[in-house]
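Reader: I am new to this structure. How should I start reading it?

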Amino acid sequence: MEDRGEEAESEDELYEVVNITDYARRHQWWSRVFGTSTGPIAEKYSVASQIMMGGVTGWCAGYLFQRVGKIVATAVGGGFLLLQIANHSGYVQVDWRKVEKDVNKAKKHLKKKANKASPELSSFVEESTEFVKRNIVISSGFVGGFLLGLAS
């Protein structure tokens, strides 16, 4: 019986337990394809992988922007066309003086809000500019991919 126990222990030593989540974190697929470099987060991946990731995400964003933009433009244009047809047919009567009054009121309200929101907006623009400067490679890949996505 003791021989069997020693044999079982030696079999257990032959197998190594591998934690798959740790392995996946250390061995990402783009690291095998493009290689990795060390340093800050902007320089963690090679230039090729940064351009590829930026380009793919940019293309996806551009493609979706194009598709959603077409749908929104069609809906707005179609709605405006239907309102014009309804107006000319006599189904809808528009009080243009009231529309002009409400538009002027909305303009004044927006100007007040724009002056109050300006510090947050300027800090957002500064942070965005700094991000783009720090990650120029991935940002340029994103812009190129975005333009390609819009064109496709």
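Author: Start with a definition. Helices are DSSP runs of at least four residues, numbered from the N terminus. Note also that this is a predicted model.

Reader: How many helices and strands does the chain have?

Author: The chain has 6 helices and 0 strands. Read from the N terminus, the elements run α-α-α-α-α-α.

Reader: How many salt bridges does the structure hold? And how do I read one?

Author: Here is the general idea. Side chains of opposite charge can pair when their charged atoms come close. The structure holds 1 salt bridge. Arg134 pairs with Glu130, and the closest N and O atoms are 3.9 Å apart. The cut-off for a salt bridge is within 4 Å.

Reader: Where do Arg134 and Glu130 sit in helix H5?

Author: H5 covers residues 96-134, and the two residues are 4 apart in it, so about one helical turn separates Arg134 from Glu130. An α-helix has 3.6 residues a turn, so residues three or four places apart point the same way.

Reader: Is Arg134 buried or exposed? What about Glu130?

Author: Use the cut-offs: buried is under 20% relative accessible area, exposed is over 50%. Arg134 has 51% relative accessibility, so Arg134 counts as exposed. Glu130 has 40%, so Glu130 counts as partly exposed.

Reader: How much of the chain is buried?

Author: Buried residues make up 12% of the 152 residues in the chain.

Reader: How do I check the length of a helix?

Author: Take H4, residues 47-89. At 1.5 Å a residue, its 43 residues should span 63 Å, and the end C-alpha atoms are 61 Å apart, which agrees. Now take H6, residues 136-151. H6 has 16 residues and reaches 23 Å from first C-alpha to last, close to the expected 22 Å.

Reader: Which residues of H6 are buried?

Author: Ser139, Gly141, Gly145 and Gly149 are buried in H6. Look down the axis of H6: its buried residues fall within an arc of 160 degrees, so they line one face of the helix. The face turned away from that buried side carries Ile136, Leu147 and Ala151, which are exposed.

Reader: Which residues of H4 are buried?

Author: The buried residues of H4 are Ser49, Gln50, Gly54, Gly55, Gly58, Gly62, Gln66 and Ala86.

Reader: How do I describe two packed helices?

Author: Two packed helices are described by the angle between their axes and the distance between the axes. For H4 and H6, the axes come within 6 Å and cross at roughly 35 degrees. The crossing of H4 and H6 is right-handed. By class, the contact of H4 with H6 has 13 nonpolar, 10 polar and no charged residues.

Reader: Which residue pairs can I look at in the model?

Author: Gly149 lies in helix H6. At 0% relative accessibility, Gly149 counts as buried. The C-alpha atoms of Gly149 and Gly55 are separated by 9.4 Å, though the two are 94 residues apart along the chain.

Conventions
Residues numbered from 1 in each chain as written. Predicted model: local features only at pLDDT ≥ 70, side-chain atom pairs only at ≥ 80, totals over all residues. Heavy atoms only, no water. Expected span 1.5 Å × (residues − 1). Buried < 20%, exposed > 50% of the residue type's maximum accessible area, 1.4 Å probe, protein only. Arc of directions from axis to C-beta. Salt bridge = Lys/Arg side-chain N within 4 Å of Asp/Glu carboxyl O. Axes fitted to C-alpha atoms, helices over the stretch in contact; angles between N-to-C directions. Left-handed = near helix turned anticlockwise from the far one by under 90°. Nonpolar A, V, L, I, M, F, W, Y, C, P; charged D, E, K, R; others polar.
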